[in-house]
Amino acid sequence: MEAVDPVCGMKVDPSKAKYKSVYKGNIYYFCSIHCMKAFEKDPEYYLKYGPIGMPK
Ligand SMILES: [Zn+2]
């Protein structure tokens, strides 16, 4: 099974993912702590608009 990082759009292997976040009952996986922090800061934005690339 594969997950997609909702921030940058990269594919993430959930069994190896170090960074994850639970939002409204769903688990999201991230490629890096930067993506995780960006998501946690404004989850609705990424769920609404989709991946926008790596955060700066
Ligand atoms: Zn990412």
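Q: Hi! Let's start with Tyr29: is Tyr29 buried or exposed?
A: In this predicted model, Tyr29 is buried, because 23 other C-beta atoms lie within 10 Å of its own.

Q: Nice. Where does Tyr29 sit?
A: Tyr29 belongs to strand E4.

Q: And which residues does Tyr29 touch, leaving out those up to four places away in sequence?
A: With those left out, Tyr29 touches Ala3, Asp5, Val12, Pro14, Ala17, Tyr19 and Lys20.

Q: What about Tyr29 and Pro6, how many Å apart are they in space?
A: From C-alpha to C-alpha they are 7.7 Å apart, although 23 residues separate Tyr29 and Pro6 in sequence.

Q: OK, which residues make up the largest nonpolar core?
A: That core has 11 residues in all: Val7, Cys8, Val12, Tyr28, Tyr29, Phe30, Cys35, Met36, Ala38, Phe39 and Tyr46.

Q: Which elements give two or more residues to this core?
A: Those are E4 and H1. The largest share, four residues, comes from H1.

Q: Let's look at H1 then. Which of its residues are buried?
A: The buried residues of H1 are Cys35, Met36, Ala38 and Phe39. They are on the same side of H1, because they cover an arc of only 165 degrees around the axis.

Q: Why would residues a few places apart in a helix point the same way?
A: An α-helix has 3.6 residues a turn, so residues three or four places apart point the same way.

Q: What's on the other side of H1?
A: Ile33 and Lys41 are there, and they are exposed.

Q: And what do the buried residues of H1 pack against?
A: They pack against E3, E4 and helix H2, which covers 43-49. Taking Met36 as one of the buried residues, Met36 touches Tyr19, Ser21 and Phe30, not counting residues up to four places away in sequence.

Q: How about His34, where is that?
A: His34 is in helix H1, residues 33-41. His34 counts as partly exposed because it has 15 other C-beta atoms within 10 Å.

Q: Switching to the strands: how many bridges join E3 to E4?
A: Five bridges join them, and the two strands run antiparallel. Within this pair, Ser21 stands opposite Tyr28 in E4.

Q: How many residues lie between E3 and E4 in the hairpin?
A: There are two residues between them in the hairpin, and Lys24 is in the turn.

Q: What's up with the phi of Lys24?
A: Phi of Lys24 is near 50 degrees, which is a positive value in a residue other than glycine. Lys24 is placed in the loop between strand E3 (19-23) and strand E4 (26-30).

Q: Is Lys24 buried or exposed?
A: Lys24 is exposed, because there are 7 C-beta neighbours inside 10 Å.

Q: Let's zoom out. How many helices and strands are there in the protein chain?
A: The protein chain has two helices and four strands. From the N terminus on, the order of the elements is β-β-β-β-α-α.

Q: What does the radius of gyration come to?
A: The protein chain has 10 Å, which agrees with the value near 10 Å for a compact globule with 56 residues. Its C-alpha trace spans about 25 × 25 × 15 Å along the principal axes.

Q: And what part of the chain counts as buried?
A: Of the 56 residues of the protein chain, 23% do.

Notes
Residues numbered from 1 in each chain as written. Predicted model: local features only at pLDDT ≥ 70, side-chain atom pairs only at ≥ 80, totals over all residues. Buried ≥ 20, exposed ≤ 12 C-beta atoms within 10 Å, placed from the backbone. Pairing = 2+ DSSP bridges. Contact = placed C-beta atoms within 7 Å. Rg over C-alpha atoms; globule rule 2.2 N^0.38 Å. Arc of directions from axis to C-beta. Core = buried A, V, L, I, M, F, W, Y, C linked by C-beta atoms within 7 Å.
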